[in-house]
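Hello,

Here is the structure for your files. My notes on what was found in it follow below.

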Amino acid sequence: EVRAFRNGFRKDAPFIFNGLPGEAYVMMDKHAVDLAIKDAEAKKFNESEELFELVVSKYQEMSDTRVELKLLKQVWDMKALVIGTFESWNPQFWSDIKTDDLEDVNKALLKSLKKMANETPIVKGWKCYRDIEDEIKNMNVLLPLINDLHSNAMRDRHWKGLARVCKVKSIEPHDPKFTFENCVKLKLHEYTDACEEIIETASKELKIERKLTEVEKLWQGLTLDYPPHNDSEMCLIRPSEEVIEGLEGNQLELQTMIGMGKFVDFFRDRVLHWQSALGTVEDVLKVWINVCRNWSSLESIFMASADIRSQLPEATKTFE
């Protein structure tokens with residue numbers, strides 16, 4: 001009977017049970033009652049054995065069951081604590097989620113679980129223990145992702161991409177009703193690589209967007225200098241150092257952006273536009289400065305030399 005009871009316990013106790021802790025407790029209570037009944041029967045047999053001076057039976061199976069039942073209860077207590085902790089986070093709104101605090105709690109849960117396993121290594125082989133470990137580890141992956149998704153680099157296009165990855169219709173983090181529970185339901189931990197790629201893309205695109213905005217603002221405000229030539233009424237172009245440095249620096253930055261592969265795709269047209277525009281500015285300035293330089297050289301010849309003016313009257317007239 002004891003052997004049959006032991007086999008039944010190993011088969012039916014919630015070692016591999018996937019239900020709620022409350023249901024597992026009911027199952028363990030039943031086994032505890034059965035164990036108590038068997039203990040009472042064993043006690044009677046032991047008393048009879050002592051009466052007839054026989055060897056008192058030990059019933060090792062019952063001792064093993066008693067120990068395992070106690071450990072199983074501890075494992076399910078831990079699972080109830082983990083589930084209760086995670087469920088307490090569910091109502092938090094997206095803007096209120098403090099992932100650093102939650103990660104500290106999660107690490108403490110994992111530490112407690114590891115301590116249990118070190119003290120009683122047998123529980124490591126039980127599925128109910130491994131399920132708890134998986135839940136904590138999944139949360140350990142989820143929380144950093146949620147933290148990164150709070151980045152101000154995330155735009156609507158990135159959330160749409162994340163929705164496709166998670167196979168949902170849409171993700172609305174700006175909705176006041178969007179909560180931690182909504183994040184959990186997305187099962188982000190199952191799409192870690194894709195999520196990290198979207199987060200990285202958003203971060204790189206933000207850098208490109210900011211740099212493009214700086215380029216656009218710079219060239220909206222830059223002006224060209226036209227100082228008088230030798231105190232005359234004629235003004236010649238003279239690009240400032242700011243213009244020259246802006247041209248060189250911005251063209252190099254735009255070339256770097258083009259080399260960023262997929263990260264520049266969304267801004268490619270804007271980048272190519274500014275590459276073309278600054279290339280045109282550079283070409284025009286080169287021609288313009290060359291014309292001014294040549295004119296300045298001719299001006300000193302025709303306007304300052306009486307001999308040249310007398311010897312080349314037609315050319316002087318044309319120059320004037």
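W126 touches R10, F15, E68, L71, L72 and V75, leaving aside residues up to four places away in sequence; contact here means heavy atoms within 4.5 Å. This is a predicted model, in which local features need pLDDT of at least 70, side-chain atom pairs count only at pLDDT 80 or more, and totals for chains, interfaces and linings use all residues. Residues are numbered from 1 along each chain as its sequence is written, and side-chain values use heavy atoms, with hydrogens and water left out.

W126 also belongs to the largest nonpolar core, which has 55 residues; W126, L162 and L188 touch the most other members. A nonpolar core is a set of buried Ala, Val, Leu, Ile, Met, Phe, Trp, Tyr and Cys residues joined through side-chain atoms within 4.5 Å. Buried means under 20% relative accessible area, exposed over 50%, and partly exposed in between (1.4 Å probe, protein chains only). Elements giving two or more residues to this core include α1 (2-12), α2 (21-51) and α8 (192-221); helices are DSSP runs of H or I, at least four residues, numbered from the N terminus. A second, separate core of 19 residues includes I208, L212, V243 and F267.

E103, in helix α4, is buried yet has no salt bridge (a side-chain nitrogen of Lys or Arg within 4 Å of a carboxyl oxygen of Asp or Glu). The nearest side chain of opposite charge, K107, is 4.9 Å away, with Lys and Arg counted as positive, Asp and Glu as negative, and His and the chain ends not counted.

K185, in helix α7, is exposed, at 59% relative accessible area.

Regards
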